[in-house]
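Subject: Structure for your review

Dear colleague,

Please find below the structure that I am handing over to you. My findings follow directly after it.

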Amino acid sequence: LPTAHVAVSMQAADVMRRMLPRANIAVIPNGVDLDRFRPRSQALARSRFGLDLDRTIVGTAGRLVPVKGHDILIAAAAHLPDGIEVVIAGDGPERARLEAMARALRIADRVRFLGHVDGIETLLPAFDVFCLPSRNEGMPRSLLEAQACGLPVIATDVGAVREVVCNETGVVVPANDAVALANAIRMVAARPASCSPRDFAVRNFSWKDTVQSYKRAAEACHAA
């Protein structure tokens, strides 16, 4: 049978074309379950996780390992006003070092570690902004999930991040730049919403559309 070559992003497709110059490569982005990841009550979400109702919360989620860049987010928090809190969901070998870093910067009261969270869709609505400070990524599903929940996102310019960030509500910054990250957080947290990032997720990253695209690719392959 003929072989179908599929990439989840334009960035991944470019890599594949260099490896398989004669292949016809289709781009089918990852999708998100829009029924599971949707806007919910911020107050209820914060109450569930014991988060401050009055602060602006910049949240992130991921394993606490160096490539995820949580140290850059904590460094950025030191440049932010007291009214902005960073909430980190996830666990991993870097946790003790990151906690010590927050204490050393005297911002431990504004950096909250939640540990592993089951059902991340129940936490995301507690945030005002979602941040992905990674040093390397492919096509990060967390950005799709956050935007499906209606959150503006800030992410580093790695992998296929630019392809999945809504240009109207989100911001992409250089990796490993705490000052640029802090400036972006301050800007996004302060500006009024012009539209919902969920609309962008619905148009471009519906899981149902992803499944249909794979079905069409398979049918075309069998018909060839």
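Asp199 is partly exposed, because its relative accessible area is 42% (buried means under 20%, exposed over 50% and partly exposed in between, with a 1.4 Å probe and protein chains only). Asp199 belongs to helix α8; helices (H or I, at least four residues) and strands (E, at least two) are DSSP runs numbered from the N terminus. Although Asp199 and Cys166 are 33 residues apart along the chain, 9.3 Å separates their C-alpha atoms.

Please note that this is a predicted model, in which local features need pLDDT of at least 70 and side-chain atom pairs count only at pLDDT 80 or more, while totals for chains, interfaces and linings use all residues. Residues are numbered from 1 along each chain as its sequence is written, and side-chain values use heavy atoms, with hydrogens and water left out.

Cysteines

A disulfide is taken here as a pair of cysteine sulfur atoms within 2.5 Å, and the count by this rule is 0 disulfides. Cys166 is buried at 2% relative accessibility. The cysteine sulfur closest to that of Cys166 is in Cys195, at 5.0 Å, which is too far for a bond. Cys131, with a relative accessibility of 0%, is also buried. For the sulfur of Cys131 the closest cysteine sulfur is that of Cys149, 16 Å away and therefore too far for a bond.

Salt bridges

Side chains of opposite charge can pair when their charged atoms come close. With a salt bridge defined as a side-chain nitrogen of Lys or Arg within 4 Å of a carboxyl oxygen of Asp or Glu, the count comes to 10 salt bridges. One of them joins Arg55 and Glu85, whose closest N and O atoms are 3.9 Å apart. Arg55 sits in the loop between α2 and β3 (56-61) and Glu85 in strand β4, so this pair ties together parts that are 30 residues apart in sequence. Glu85 is buried, with a relative accessible area of 6%.

Arg135 and Asp71 meet through their side chains in a further salt bridge, at 2.8 Å from N to O. This pair links distant parts of the chain, 64 residues apart: Arg135 is in the loop between β6 and α5, and Asp71 is in helix α3. Arg135 is partly exposed at 29% relative accessible area, whereas Asp71 is buried at 14%. Leaving aside neighbours within four places in sequence, Asp71 is in contact (heavy atoms within 4.5 Å) with Arg97, Leu98, Met101 and Arg135.

Asp91 and Arg95 also form a salt bridge, their closest N and O atoms being 3.7 Å apart. Together with Glu99, these residues are linked in a network of salt bridges.

Nonpolar cores

A nonpolar core is a set of buried Ala, Val, Leu, Ile, Met, Phe, Trp, Tyr and Cys residues joined through side-chain atoms within 4.5 Å. The largest such core has 36 residues, of which Leu51, Leu123, Leu124, Phe127, Phe130 and Leu143 touch the most other members. Several elements each supply at least two residues of this core, including α2 (42-49), β4 (84-89) and α5 (141-148). The largest share, 4 residues, comes from α5. Apart from this core lies another, of 29 residues, among them Ile84, Ala102, Ala180 and Val188.

Yours sincerely
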